[in-house]
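Me: I am new to this structure and would like to go through it with you. Could you show it to me, please?

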Amino acid sequence: MEVKNFEVWDYVVFAALFVISSGIGVFFAIRERKKATSREFLVGGRQMTFGPVALSLTASFMSAVTVLGTPAEVYRFGASFIIFFVAYAFVIIFTSELFLPVFYRSGITSTYEYLQLRFNKPVRYAATAIYILQTILYTGVVVYAPALALNQVTGFDLWGSVFATGIVCTFYCTLGGLKAVVWTDAFQMVVMTVGFLTVLIQGSADAGGLHNVLEQSANGSRLNIFDFDVDPLRRHTFWTISVGGTFTWLGIYGVNQSTIQRCISCKTEKHAKLALYFNLLGLWVILACAVFSGLIMYSHFKDCDPWTSGIISAPDQLMPYFVMELFATMPGLPGLFVACAFSGTLSTVAASINALATVTFEDFVKSCFPHLSDKLSTWISKGLCLLFGIICTSMAVAASLLGSVVQAALSIHGMCGGPMLGLFSLGILFPFVNWKGALGGLLTGIILSFWVAIGALIYPAPTSKTWPLPLSTDQCVPSNVTESVPPLLSSRPAIAETWYALSYLYYSAVGCLGCMAAGVIISFATGHQKGKDIQPLLIRPVCNLFCFWSKKYKTLCWCGVQHDSGTEQENLENGSTSKQGAESVLRNGLRRESLVHVPGYDPKDKNYDNMALEKITHF
């Protein structure tokens, strides 16, 4: 493959991304130097507004894997990826209306604090350990995979980009904390959008206009979007994307520390919800840009596919190769696209480092050393950011040795996300589930999701379910053309044609539903939790939506939880929670003084806010 090297202006544009990102970290380190508390460092003092948080969420959600992978997915399999519009909408609605109110009102910093409030310490520690392992592995791959693709196409130095990413992210996370991460993400979101728009405008002009792109895509069957086949073995249909995609992204988004940490950093619950809904607009914009980039790329390569012809060696290299051809005579613009891709990497890695530092400090350090001073807590938090920055960069080095296992590592995020979603759903939706059911459900969900995913790696799904749409090599140099043939499927057990052939988008659904089913069964088998021992703040009474017509049935569905024993607002305005709730929390092992960390309800605005935290603390 001919490697087209960067020119001076490409390096200048790319370097500007790293310089500005580092500068934001330095700015917040200087500006916030007098506010030396771990609370200020890890959650921005809980006074963020919805605008930058919304941009930060979108940037973190859309990694370089999205920037490079989604256009290649559309190029090979068609524009059905656009149905993720539906999945993203469900993800945001469930996150903002189901999970966020519980996390925000309980005043937690680490998402996994909720599990101790609701169950006990072992459940909290088990979930935290799984999150730390999956995030380190995923972050390492997120750094390495795009660096490798760009290196092989553009000649951009592989290890230079890997270490630059790790160093810069660690630098501004350690110096500026969450505020630096959020504002840097906002800047990187702008870079990602500009990079995509540049490709869309120039690519459309090169193809003779958007009308030609759509016509050629339709001729190549790339616009056959809506396939309502209910077969769960089909890779992409309306149902696998809308239903399976909702489970997948809710598992790694709705209950993910990185997302929730940004939401609870907002000054009111209303701002947190606005951040999520404005973030949805950002997700739709990036998804539309990525899908249309894939269609433009197909229009460009419709007569000579560089992958099947052997010009490039992997689908992830399609987008960088296309950009280098598209902007061959425009120095600086290839650098802008690479900056776009690495903006996705930087935002994801920075979010991961900050979230890892937060859960480690809140779930382990503070549990072991509860009386740390503010100054020491801040330095420990910064040290954890530095430590996890080094570990994640090292994981990127290790990823280079994994070979084909890299693809498996990318799936781990979704495989663990499903059981985690199931675990939090058990706590929030089912008051009768006890800690034994929670632990048993988590273990069951992980076993099921890993079983199906690892089985699919060993026995790939039948080609009739996954084989890409036709790609032409008619105008390629004949000597370079290599035929793509389906993998040989011999000696396959019967289970490989059903269970292992399940669409990858259903892995999280399997883990989540398996966790919930096992949790309910184990809880009833071991003696279910008594509702009167559970704080009402920790349960989301969704049954009220279905039993609004009958107070009797609503009360029955509350399973003994005292939702009507005095409103949350009254409890919070009095600066305390109910006696029963306090006793329950103390039995679960949380210290009495932590009960004051419940954000207050402002009766004037009819909204929960973090300012009440300070008032309650001084009671």
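**Cavities, salt bridges and surface**

Me: How many cavities of 30 Å³ or more does a search of the whole structure find?
Reply: A search of the whole structure finds one cavity of 30 Å³ or more. Please keep in mind that this is a predicted model.

Me: What volume does the largest cavity have?
Reply: The volume of the largest cavity is about 40 Å³.

Me: And which residues line the largest cavity?
Reply: The lining consists of Tyr112, Tyr131, Gln134, Gly251, Val255, Asn256 and Met420.

Me: How does that lining divide into nonpolar, polar and charged residues?
Reply: Four residues of the lining are nonpolar and three are polar, while no charged residue takes part.

Me: On to charges, then. How many salt bridges does the structure hold?
Reply: There are nine salt bridges in the structure. One of them joins Arg105 to Glu269, with 2.9 Å between the closest N and O atoms. Arg105 belongs to helix H5 (residues 84-105) and Glu269 to helix H12 (residues 269-301), so this pair ties together parts that are 164 residues apart in sequence.

Me: Are Arg105 and Glu269 buried or exposed?
Reply: Arg105 is buried, and Glu269 is buried as well.

Me: Which salt bridge does Lys273 form?
Reply: Lys273 also pairs with Glu269, and here the closest N and O atoms are 3.7 Å apart. The two residues are four apart in helix H12, which means that about one helical turn separates Lys273 from Glu269. Both Lys273 and Glu269 are buried.

Me: Which residues are linked with these in a network?
Reply: The network of salt bridges links Glu97, Arg105, Glu269 and Lys273.

Me: What about Glu362, which residue does it pair with?
Reply: Glu362 forms a salt bridge with Lys366, and the closest N and O atoms of this pair are 3.5 Å apart. Both residues are in helix H14 (residues 333-368), where they lie four residues apart, about one turn of the helix.

Me: Let us turn to the surface. Which residues form a nonpolar patch there?
Reply: The patch is formed by Phe226, Phe228, Val230, Trp239 and Val243, which together have about 520 Å² of accessible area.

Me: Where is Trp239 found?
Reply: Trp239 is part of helix H10 (residues 238-251). Its relative accessibility is 33%, so Trp239 counts as partly exposed.

Me: New topic: what is the phi of Ser221?
Reply: Phi of Ser221 is near 65°, which is a positive value in a residue other than glycine. For context, most residues other than glycine have a negative phi.

Me: Where does Ser221 sit?
Reply: Ser221 is in the loop between helix H9 (210-219) and H10. With a relative accessible area of 29%, Ser221 is partly exposed.

Me: One last residue. Where is Leu556 placed?
Reply: Leu556 has its place in helix H21 (residues 551-557). Leu556 counts as exposed, at 62% relative accessibility.

Me: How far apart are Leu556 and Cys543?
Reply: In sequence, Leu556 and Cys543 are 13 residues apart, and in space they are 9.6 Å apart, C-alpha to C-alpha.

Definitions and conventions. Residues are numbered from 1 along each chain as its sequence is written. This is a predicted model: local features need pLDDT of at least 70, side-chain atom pairs count only at pLDDT 80 or more; totals for chains, interfaces and linings use all residues. Side-chain values use heavy atoms; hydrogens and water are left out. Patches are made of residues with over 30% relative accessible area and no salt bridge: like charges are joined within 9 Å, nonpolar side chains (Val, Leu, Ile, Met, Phe, Trp, Tyr) within 5 Å. Accessible areas come from the Shrake-Rupley method with a 1.4 Å probe; for residues, only the protein chains shown count as cover. A salt bridge is a side-chain nitrogen of Lys or Arg within 4 Å of a carboxyl oxygen of Asp or Glu. Buried means under 20% relative accessible area, exposed over 50%, partly exposed in between (1.4 Å probe, protein chains only). On a 1 Å grid over the protein atoms alone, a cavity is a set of points where a 1.4 Å probe fits but cannot get out, and a pocket is an open set with protein on both sides within 12 Å along at least five of seven lines; lining residues have an atom within 4 Å of a point. Grid points are joined across faces, edges and corners, and a volume is the space filled by probe spheres set on the points. Ala, Val, Leu, Ile, Met, Phe, Trp, Tyr, Cys and Pro count as nonpolar, Asp, Glu, Lys and Arg as charged, and the others, Gly among them, as polar.
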